[in-house]
Amino acid sequence: MKKVDITVLGPGCPNCIRLETMCREAIKNIDVEASINKITDHEKIADHGVYLTPGLIINEKLVLSGKMPTLATLENWIKTAAKE
C-alpha cells in the first residue's frame with residue numbers, strides 16, 4: 001500500500017475540525033500511512049473548487065464538499081486510495 005495524502009479544506013469551523021479529527025481516527029483504525037494537511041485560506045479553498053466546507057481531498061482527488069462523511073465511509077475512501 002502506498003502513502004495517502006489527505007487535505008482538509010476549511011476555515012476552522014467545528015465541522016472542519018471534526019473532519020480532521022475523523023481523518024486521524026480513520027488512519028489509526030485502518031493502519032494506513034498518511035499525511036494530513038489543512039488549507040484554511042478562503043481563496044486557496046476556492047481554487048480547489050470547494051465553495052461549501054468542509055472539503056476533503058485524498059491523493060489530489062476532491063472526494064467531499066459541504067458535508068460530513070461517516071467514519072466508515074472515510075475509512076473506505078482512505079483504504080481505496082492506499083491501494084491505487
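**First stop: Glu20**

Select Glu20 and show what surrounds it: leaving out residues up to four places away in sequence, Glu20 touches Val8, Ile36 and Lys38, where contact means heavy atoms within 4.5 Å. Glu20 sits in helix 1; helices (H or I, at least four residues) and strands (E, at least two) are DSSP runs, numbered from the N terminus. Is Glu20 buried or exposed? Glu20 is buried, because its relative accessible area is 14% (buried is under 20%, exposed over 50%, partly exposed in between, with a 1.4 Å probe and protein chains only).

A quick word on the model: it is predicted, so local features need pLDDT of at least 70 and side-chain atom pairs count only at pLDDT 80 or more, while totals for chains, interfaces and linings use all residues. Residues are numbered from 1 along each chain as its sequence is written, and side-chain values use heavy atoms, with hydrogens and water left out.

Switch to cartoon view and find the open sheet of four strands, in the order 2-1-3-4 with mixed pairing. Strands count as paired if DSSP finds at least two bridges between them. At the edges, each pairing on one side only, are strand 2 (34-39) and strand 4 (61-65). Select 55-58 for strand 3, which pairs with strand 4 in the antiparallel sense over four bridges. Within that pair, Ile58 stands opposite Lys61.

Click on Thr7 in strand 1. Thr7 is buried, at 10% relative accessible area. Beyond its neighbours within four places in sequence, Thr7 contacts Asn37, Ile39, Gly55, Leu56 and Ile57.

Select 14-30, helix 1, which lies across strands 1, 2, 3 and 4 and runs at about 165° to strand 1. Angles run from 0 to 180 degrees between N-to-C directions, and axes are lines fitted to C-alpha atoms, for helices over the stretch in contact. The axes of helix 1 and helix 3 come within 9 Å and cross at roughly 65°. To see their contact, show side chains including Leu19, Met22 and Cys23 of helix 1 and Leu71, Leu74 and Ile78 of helix 3.
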